[in-house]
Protein chains: 2
Amino acid sequence: MKENAPAQGVWPPAATPFHADLSVDFERAIAHCKALLAEGAHGLAVLGTTSEANSLDLAERETMLERLVAAGIAAERLLPGTGTPSIGDTVRLTRHATSLGVRGVLLLPPFYYKGVSEDGLFAFVSEVIGRVGRDNLRIYLYNFPQMSGIAWSPALVGHLIKSFPKTIVGLKDSSGDVAYMNRLFESFPGFAVFPSSEALLLSAMKKGAAGCISATANTQVAAIRALYDGWQGAEAERLSRAASAVRLLMQKFPLIAAVKAVLADRAKSPDWARVRPPLDPLSPAERKEVVAELAKIAAEAPA
Amino acid sequence: MKENAPAQGVWPPAATPFHADLSVDFERAIAHCKALLAEGAHGLAVLGTTSEANSLDLAERETMLERLVAAGIAAERLLPGTGTPSIGDTVRLTRHATSLGVRGVLLLPPFYYKGVSEDGLFAFVSEVIGRVGRDNLRIYLYNFPQMSGIAWSPALVGHLIKSFPKTIVGLKDSSGDVAYMNRLFESFPGFAVFPSSEALLLSAMKKGAAGCISATANTQVAAIRALYDGWQGAEAERLSRAASAVRLLMQKFPLIAAVKAVLADRAKSPDWARVRPPLDPLSPAERKEVVAELAKIAAEAPA
């Protein structure tokens, strides 16, 4: 694997397990990350939205990366989220991750602010890059306007790529806006774009997507890997339908809680279902429903 | 002043000056805070939105409080913002502020998240209060859904007051929603409600408001103090019109940048106009306009 080659393939945004006192269960997190890699993940988009990264404090975020690397997960297989509303905290997290040798970082915009200008966002990213000051820094913009309140517009993405061609190498889109994604493919060939989920992966691969970063990859990484490997093959449509069915079911529920409920069911450990406030776990009825519906999908479309 | 009596009066959310390298100019910040108090502020709602608190890193936020107290500003005259999306960072900032002896803290909801339940928000606040674990903690909820994406609904406010009657003592509203504010006055007599700005202060005082926390108090604290002191007097309407005219003018511009542009003009120091990205300073034309319009207002309505 070439150092800092653009990330490609299936990179699950690993969910973060918590103990009863809400502290991070690092042992379980390490085991979960190793299992995802063993089941076919190319790498791990840790500390993103699904990881409840913004519910972790800064020190916990740093510790998580250190623990994963210490446990033997190669840093080049990690793509952590490091964006915060402040330049200072973003630089701190980004420099820490880059020092460990991660493949790159996923950068949320400064999400407290609303209605900010593209010049202001450009200045924010530019300050972060300058202050991190590391040649091996690679940034994947993280577009999730429904949560962050700020979109990375194609015009701004183009401006950033042009100004920092070695650093701004990709974008994870969570907007679900297909027109937006297609515009990125058309405008920036070679730019590593990750579509919203596995439900869009097949059509996105045909347009040049880099792979898949999706919450539900926590629960079906092998199925997504099969689709990623087989998107040009005879089974592509069937693989896409199977992976999409799981995704479309799970996104009917609050997604992070649903992912954790499924992990709890599989591990036979209710501890996995825990989320940090302000998120709520699924209700017992919702837990039952998501598990039963998943079983139905599995029975209808055996692998 | 009784220890931890609810905050009342005029508490400007002090703007934060930056050096050319964007580091905090603590000396100028201290001078500005002292000037606001000398001109009539009862206290200072530091580290709020107008202070660009979410553009400061956690360490800078702690240093700011320590420097203000070390410079001789009584901690009981400080009401810092301490809310972040994570319980851990919020507890860190809140505990630090409370240890210094501040009057209370302004609490933003965990603003990365959207569409969270009232149960989830209640659990967030409850965890923060429990983990801070200090008897002298006083929380003022900070309602600014346009920026944070999350409102403190009257039902949730009621639930929090009932569960933590000694701790949840007030609310700063920045929504501009008069019906919301009136509902708080009607539902929670004695609860310290601060309306959106001085433009609503007179009508809010008639309904039992605690006072005023307003961005533009950085530029006209004496006028707001006169209105606060005189709201029952013969001059109340005139004082309200004068203070409101300044506010209504300035909020036509990006407000934080406009406040800093006016401070820069008065101090004859362009340094004051600096904001941290992603915010932009006013354009030269906007700066001229806001200063000229303010001069016109002052000429039309001499104090």
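## The largest cavity

In this predicted model, 20 residues line the largest cavity, and those nearest its centre are Thr84(A), Pro85(A), Thr84(B), Pro85(B) and Asp89(B). The volume of this cavity is about 230 Å³. Searching the whole structure gives 7 cavities of 30 Å³ or more.

Which helices each supply at least two residues of the lining of the largest cavity? They are α2 (58-70) of chain A and α2 (58-70) of chain B. By class, the lining of the largest cavity comprises 8 nonpolar, 8 polar and 4 charged residues. Such spaces are found by rolling a probe the size of a water molecule over the atoms, which shows where empty space is left.

The size of an interface is often expressed as the accessible area lost when the parts come together. Between chain B and chain A, the buried area is about 3000 Å², with carbon and sulfur atoms giving 62% of this value. Of the area that chain B buries against chain A, 26% comes from Tyr112(B), Tyr113(B) and Pro278(B), more than from any other three residues. The contact involves 39 residues of chain B and 39 residues of chain A.

How many residue pairs are in polar contact between chain B and chain A, counting pairs with both residues at pLDDT 80 or more? The count is 14, whereas the number of salt bridges between chain B and chain A is 0. On the side of chain B that touches chain A, the elements giving two or more residues are α3 (87-100), α4 (118-132) and α5 (145-148) of chain B. The greatest contribution to that side is made by α4(B), with 7 residues. Classified by residue type, the side of chain B that touches chain A holds 20 nonpolar, 9 polar and 10 charged residues.

## Salt bridges

Side chains of opposite charge can pair when their charged atoms come close. Over all chains, the structure contains 24 salt bridges. One of these joins Lys166(A) to Asp135(A), with the closest N and O atoms 3.0 Å apart.

Where in chain A do Lys166(A) and Asp135(A) lie? Lys166(A) belongs to the loop between α6 (154-163) and β4 (168-173) of chain A, while Asp135(A) belongs to the loop between α4 (118-132) and β3 (139-143) of chain A. The two residues are 31 residues apart, and the pair thus links distant parts of the chain.

Methods:
Residues numbered from 1 in each chain as written. Chains lettered and ligands numbered in written order. Predicted model: local features only at pLDDT ≥ 70, side-chain atom pairs only at ≥ 80, totals over all residues. Heavy atoms only, no water. 1 Å grid on protein atoms, 1.4 Å probe; cavity = no way out; pocket = protein on both sides within 12 Å on 5 of 7 lines; lining within 4 Å. Points joined across faces, edges and corners; volume = space filled by probe spheres on them. Helix = DSSP H or I, 4+ residues; strand = E, 2+ residues; numbered from the N terminus. Nonpolar A, V, L, I, M, F, W, Y, C, P; charged D, E, K, R; others polar. Contact = heavy atoms within 4.5 Å. Buried area = accessible area lost by both parts, 1.4 Å probe. Salt bridge = Lys/Arg side-chain N within 4 Å of Asp/Glu carboxyl O. Polar contact = N/O pair within 3.5 Å; in protein donor to acceptor, adjacent residues only side chain to side chain.
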